[in-house]
Amino acid sequence: MADGAREAWITGIGIVSCLGEGADAHWLKLSEAKPSADTTTFAPYIVHPLAPINFDLQIPKKGDQRQMENWQRIGTYAAGLALDSAGVKGKTEVLSHMDMIVAAGGGERDLSVDSTILSGMPRAANPAGFLNERLMSDLRPTLFLAQLSNLLAGNISIVHGVTSSSRTFMGEESAGLDAVRIALSRIGAGQSDIALVGGAHNGERPDLIMLYEFAGLMLKDKFAPVWERVPGGFALGSLGAFLVIEAREHAEARGAKALARLASVVSDRRRRQPGNVTASLEGLWDKVKDRVDGKRAAVISGATGANPATAEERAFLAAHGELAVRATGTYLGHGLEPQFPMNLALATVALQHGSLFPPCDSTGLEKPMSGPLAQVVVTGVGHWRGEGLALVEKAG
Amino acid sequence: MAPTKDKMGRPIVVVTGVGVVTSLGAGKADNWAKLTSGVSGIHAITRFPTDGLKTRIAGSVDFLGQPDCTAALSEQLADLAAEEAIAQSGIGKAGDFPGPLFLAVPPIEMEWPHRLAVGARSGSNDTVTYSDLLRASDQFPAYHDRFLFGSVADHIAEKFGTRGSPISLSTACASGASAIQLGVEAIRRGDTDAALCIGTDGSVNPEAVIRFSLLSALSTSNDNPQKAARPFSKNRDGFVMAEGAGALVLESYDAARARGATILGVVEGCGEKTDAFHRTRSSPDGKPIIACIRNALEDAGLTPDDIDYVNAHGTSTPENDKMEYLGCSTVFGERISKLPISSNKSMIGHTLSAAGAIEAVFTVLTLQNQRMPPTVNYDVPDPAIPLDVVPNTARDATLKHAISNSFGFGGQNVSLVVGVEPA
């Protein structure tokens, strides 16, 4: 936060993942320290599937649900939870000046159409004509809208009535980091009073598994917590996470309570060469460290499990060993765009409880923390690009 | 000396460099000459066979060779536009741009040639499924970087040495304007003295054309491509997909003057307003578009009477042009019949993610040259939307303030107010 910037509160969170929905379900599962994953559906690749969700509860019109693919349903659902949590659901006056930044991927495929074309085109007499014909007749017209990155935001506007600004950031993990960073900067500078920020990811997609498997990044065969993975890899997770971030004065004027204070979000990008993740994190840490009280602070890491990024983050965290560390990717899997907002939400949940959940790591990096928790440093190191940190604090 | 803060006490944001590539050519000189001569860049698609397609025309950029994919062409276009804009501004040093990158880019996806290549390598003789593709995927390591959503911005950031984390963004057909708005906001906050804002789009590929075609959004006037984009005409029948990139170097007025930069224009205001009515259609009452334009005027500290020219979104779809008329006629009142409003898309087509940036560049050039590019193909006026569209021939005028509209699927509306340098 720049000098003189307005204080920003997190006044609402909406989260869904393999752990269930909402703050309590997530806290319960994190407290049990028994991660689980699906090792069979996409074997040998491991994923963390979404817990059963009744989408009707946040997306009442079936017609709306039909216009979406799953990543949009997950996000629209999580956004509704966040608005409920902040006490602004259905409050047109607030929603009409609420700004929105969504971190989105997109591009869900129709797997059967793809398979038909992949199978038939190489044998077709006129391959290009075959491709055109199949796409023209087999693609659902509305699939395009369900693939478009900015249509998660569009669906949130339609379903929940968030109608001030609507911006969609793309770019994997960085999209989530920068969505929160820019929303906070705008609030701090008085360019915005209240913002809905987050994203969604459907990890149960073979086309996405393929994208990351081009680089051999997927966790295969046997599940292990993030820090224990050799040689490394991530398990895709289905998750949605939205935050309502609000200027303190705006929250107080409408009688809203802070769940936490969002003190700082910083991000960077360096070409990935050995040592650059560490250097980037050190540079970011320098921007927040003076405000961190080591005795009452912990780190919630967004480490993916894929190396070399996770190995470098691990070395960085070990070098700052005074802070207890937890990697939520062990439980959630990796959801790319919404991972950082999700970890901000989980930091908020932990601060509400005033304590940190137990370690889940046999390598010794994650140490027990018994004392009260007042601050959480959230890390986000992209599997390929982008590094960021946030400082979330107990409010009041 | 003119003040360097605006009426709200914020740093004034100026444009010190612009670059543009469209189907008309590379660079602003060529583009401006053709745009003001009424030349169309729309042509039959030759990049891929169009057998069986309802729409077989586009404003594709073909003079850069056969592209490998949308991501690669979008990157090449952004690179060219950025190179031109930075060179004109004279800011920074080669590979060291002193500010962040805001890049409007189409959502990046793997495409058919690549999917088929993996399928062929899988060795499957019969039905090919994703399980087969996964068996061969580790043989294509370069596809990971290429088909990440953030790859284009990452490569542009690397080449031009922009600062911090580059932003890849999409607000559909308003993306280019949103990129500029993000840059303006960052400078106004004092986060930076400069920003590189780019909109790029190179997505004329079979599946993209078919997707828009299935939504009945595209013109099917295949037989006379140069006449296909007919914004505001009674016989308009859809937009024409097109490619290109626009880049702007934005700076605080203070920083630009301190280094003696030439000021090309001022981004005076930005407005946006989300429409929650429908995924592809505007609210029939036009309220979000009206609010968007009014927000931009308010942000600029101007009234409707201050605006001398409108660079229309003007896609040539029945829906857009009608709604843009409703929005403008409500905001500008009776003045709308005399207020010149023209659509660059009549010549360059709809450059999608790039449109807001390309048309902002053209708006800057319009003010610089005090000359309004025409709306071509305006042969059959639509009596329901009576406008001065600067029909068919460019026109000189005294222009101080112009507004550029961008509207997109998903309820995206952004308007920018651009002005000449303060006296």
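**Notes on the two-chain model**

1. Starting with a sheet in chain A: strand 9 (260-268) and strand 13 (residues 387-393) of chain A run antiparallel and are joined by seven bridges. Strands here are DSSP E runs of at least two residues, helices are H or I runs of at least four, and both are numbered from the N terminus; two strands pair if DSSP finds at least two bridges between them. In this pairing, Ser267(A) sits opposite Gly388(A) of strand 13.

2. Before going on, a caveat: this is a predicted model, where local features need pLDDT of at least 70, side-chain atom pairs count only at pLDDT 80 or more, and totals for chains, interfaces and linings use all residues. Residues are numbered from 1 along each chain as its sequence is written, and chains are lettered from A and ligands numbered from 1 in the order in which they are written.

3. Back to strand 9 of chain A, which also pairs with strand 1 (residues 8-17) of chain A, antiparallel over two bridges. There, Trp9(A) has Arg261(A) as its bridge partner. Eight of the nine residues in strand 9 of chain A are buried (20 or more other C-beta atoms within 10 Å of a residue's own, with C-beta atoms placed from the backbone).

4. On the whole chain: chain A has 15 helices and 13 strands. Its radius of gyration, taken over C-alpha atoms, is 21 Å, close to the 21 Å from the globule rule (2.2 Å times the number of residues to the power 0.38) for 396 residues, so chain A is as compact as a globular protein of that length. Buried residues account for 62% of the 396.

5. Now the contact between the chains, which takes 66 residues from chain A and 60 residues from chain B (C-beta atoms, placed from the backbone, within 7 Å). Elements giving two or more residues on the chain A side include helix 5 (111-120), helix 9 (172-188) and strand 9 of chain A. Strand 5 of chain A pairs with strand 6 (residues 167-170) of chain B, antiparallel over three bridges; Thr168(A) has Ser170(B) as its partner there.

6. Helix 5 of chain A deserves a look too. Its buried residues are Asp114(A), Ile117(A) and Leu118(A).

How values were computed: A residue is buried if 20 or more other C-beta atoms lie within 10 Å of its own, exposed if 12 or fewer, and partly exposed in between; C-beta atoms are placed from the backbone. Two residues are in contact if their C-beta atoms, placed from the backbone, lie within 7 Å.
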